[in-house]
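Thank you all for coming; I would like to take a few minutes to walk through one model. Please have the sequence and the structure open as I speak.

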Amino acid sequence: MTDTAYMEARDMETHVVEPSRPKRPPLVDPFQRAITYLRVSVTDRCDFRCVYCMSEHMTFLPKADLLTLEELDRLCSAFIAKGVRKLRLTGGEPLVRRGIMTLFRSLARHLDSGDLDELTLTTNGSQLPKYAAELAAIGVKRINISLDTLDPDKFRTITRWGELDKVIAGIDAAQAAGIRVKINAVALKGVNENELAELVRWTHGRDMDLTIIEVMPLGDVGEGRLDQYLPLSMVRARLAEQFTLQEIDYRTGGPARFVKVIETGGRLGFITPLTHNFCESCNRVRLTCTGTLYMCLGQEDAADLRTPLRASGSNDLLDAAIESAIARKPKGHDFIIDRRHQRPALARHMSVTGG
Ligand code: SAM
């Protein structure tokens, strides 16, 4: 890919390339997609047990298998040196990893240097009353908070262990700290499908964007996916009966396609891995807390980066492993949920690679 093509690819993600910035060797996959977005699952553990994400009795990784915070920093920094401009920490629940703020503080140096456009996280919000102010102070400007319902009892049923009040307090804390919040809601058949219009009004009333996500067949969660699966084409058609949905160009660098809701003035995103493949513009790869790199959320192929990371204090082996992994990034995924495909498409849970 030429420099110009790379810059155009980056501009499409709404990042503006400043001419004075030193050029970095871009990571480009076999389909000419520049890889500029790294998502890192910093822990597979979580303080919730959402029914579509985990089974109630999960076996987690032994702590000894996890990369240290220093190793996570080194890996993220190696990607940034190769042109990654957006870094999202996720999990599991990223804010339950011990010492996580040390990692955030350290990674923020790349924001200060201008090598990174955005440092952000996806969280269930439960720990935000404790951390929101510090996250804002180190330069986190936007975060995604997952919230599927505004009904406290339903919230408890979906998350098994969560409390709605705590998440609302987390949202309050983030907004009070000046962080922009986007709410992510997974559409669940028979659970929150009749509440999604209310969620649109509530999020937009609080000046937050809302993204609705189709449930994906990742990991065995102890119940049938067909029971959970609600195609977003149906959700959108129902919302269109109540709201005027106007197509807009707005992009966050992620897979969501946004509309403006004329009645509320807010933005509504749809992430539709099943009803519509969004892989053509995929710019991201995912790293697990054990240093495994998944080049696609929906495929098994992965690269071990922990071995080259630990093999040497220099980054030569690591850089070579990253480059060879990106050279294998597949064209896309092919999730299916129907009566013949009720087993998970992939054995690993979303908490391994992060949402
Ligand atoms: N704990 C954090 C949180 O709750 O946002 C970050 C990790 S969580 C795995 C990230 C996102 O993935 C959440 O919005 C969650 O709802 C979503 N998610 C988990 N399992 C999913 C699945 N099978 N299909 C669709 N979305 C899923």
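Predicted model: local features only at pLDDT ≥ 70, side-chain atom pairs only at ≥ 80, totals over all residues.

**Loops, sheet and ligand**

Asp207 counts as exposed, at 52% relative accessibility, where exposed means over 50% relative accessible area, buried means under 20% and partly exposed lies in between, with a 1.4 Å probe and protein chains only. Residues are numbered from 1 along each chain as its sequence is written, and side-chain values use heavy atoms, with hydrogens and water left out.

Asp207 sits in the loop between helix H8 (196-205) and strand E6 (209-214), helices (H or I, at least four residues) and strands (E, at least two) being DSSP runs numbered from the N terminus. The phi of Asp207 is near 60 degrees, a positive value in a residue other than glycine. Gln32, in the loop between helix H1 (3-12) and E1, also has a positive phi, near 65 degrees, and at 45% relative accessibility Gln32 counts as partly exposed. Asp73, by contrast, belongs to helix H2 (residues 69-81) and is buried, with a relative accessible area of 9%.  The Asp73 side chain makes a polar contact with the side chain of Arg109 at 2.9 Å, a polar contact being a pair of N or O atoms within 3.5 Å; within protein, one must be able to donate a hydrogen and the other to accept it, and residues adjacent in sequence count only if both atoms are side-chain atoms.

Let me turn to the sheet. Twelve strands form an open sheet of mixed pairing, in the order E7-E8-E9-E6-E5-E4-E3-E2-E1-E10-E11-E12, where two strands pair if DSSP finds at least two bridges between them. Strand E7 (245-247) and strand E12 (302-304) stand at the edges with a single partner strand each, so one side of each is left without a neighbour in the sheet. Within the sheet, strand E1 (residues 37-41) pairs with strand E10 (residues 284-287) in the parallel sense over four bridges, and Tyr37 stands opposite Arg284 in E10.

Which strands each supply at least two residues of the shell around the ligand? They are strand E3 (118-123) and strand E5 (180-187). A polar side-chain atom of Tyr52 lies 2.9 Å from an oxygen atom of the ligand, and an N or O atom in the side chain of Glu93 is 3.0 Å from a ligand nitrogen atom.
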